[in-house]
Amino acid sequence: MLANYLKGIRAAKKVTTQTALAQLNGWSEGSNGALTKKFEFEDFHAASNFLKRYTDYCQAQNMTPQWSNVYNRVEVTLHNPEFGGVTAKEVSAGSYLDLVSKSSLHQDIEDVMSFA
C-alpha cells in the first residue's frame, strides 16, 4: 500500500518533455528526455555571473547542475535521473535560468559576486 502511494506521488511529479517545452522559451529536447538550452553572453564575466547564480540556485534547490562553458557560451542540461526525465523542479530551474540570463552583471554585482 505504501509502495503504491509513493509510486503515485513520484508519477505526479514527473512532467512530459513536451509539456515542459511548452512552458519554456527556446529550450529543446536532449537525450533521455532532458531539456537543453545554449545561452550566449556578452563576455566571459557575464557567463561566469550566470554560472554563479545557477550554482547558488542548484544548492538552494538540492539539484545537480549539468553545463558546459566555453568563454561566453553556456550550454545547460536539465534532467532528473531519480525520476528518469523532467519534473516541475527542472521546469522551474529553466524559467529561473531564462530570467537570470537576461540580467546584466553591472546591474547588481554586489549581490552576485563576492571574493570574501
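Modeller: Before we start, strands here are DSSP runs of E with at least two residues, numbered from the N terminus. Also keep in mind that this is a predicted model.

Colleague: Okay, so which strand holds valine 70?
Modeller: Valine 70 belongs to the nonpolar surface patch that also includes Phe44 and Tyr71. As for its strand, residues 67-70 make up strand 4. So the place of valine 70, by that DSSP numbering, is strand 4.

Colleague: What kind of aromatic pair do tryptophan 27 and phenylalanine 39 form?
Modeller: The structure holds six aromatic pairs. For this one, the centres of tryptophan 27 and phenylalanine 39 are 5.9 Å apart, with 75° between the planes. Planes over 60 degrees apart count as edge-to-face, so the pair of tryptophan 27 and phenylalanine 39 is edge-to-face.

Colleague: Is phenylalanine 39 buried or exposed?
Modeller: Phenylalanine 39 sits in strand 3 (residues 35-40). Its relative accessible area is 5%. Buried means under 20%, so phenylalanine 39 is buried.

Colleague: And how are the rings of phenylalanine 39 and phenylalanine 50 arranged?
Modeller: Phenylalanine 50 is in helix 3 (residues 44-61), 11 residues apart from phenylalanine 39. The ring centres of phenylalanine 39 and phenylalanine 50 are 4.8 Å apart. Their planes are at 45°, so the pair is tilted.

Colleague: Which residues do ring pairs link into a cluster?
Modeller: Phenylalanine 39 pairs with tryptophan 27 and with phenylalanine 50. With Phe41 included, the cluster linked by ring pairs is Trp27, Phe39, Phe41 and Phe50.

Conventions
Residues numbered from 1 in each chain as written. Predicted model: local features only at pLDDT ≥ 70, side-chain atom pairs only at ≥ 80, totals over all residues. Heavy atoms only, no water. Patch = residues over 30% accessible without salt bridge, like charges linked within 9 Å, V, L, I, M, F, W, Y side chains within 5 Å. Areas by Shrake-Rupley, 256 points an atom, 1.4 Å probe, with all protein chains shown as cover. Salt bridge = Lys/Arg side-chain N within 4 Å of Asp/Glu carboxyl O. Helix = DSSP H or I, 4+ residues; strand = E, 2+ residues; numbered from the N terminus. Phe/Tyr/Trp six-rings, centres within 6.5 Å; stacked < 30°, edge-to-face > 60°. Buried < 20%, exposed > 50% of the residue type's maximum accessible area, 1.4 Å probe, protein only.
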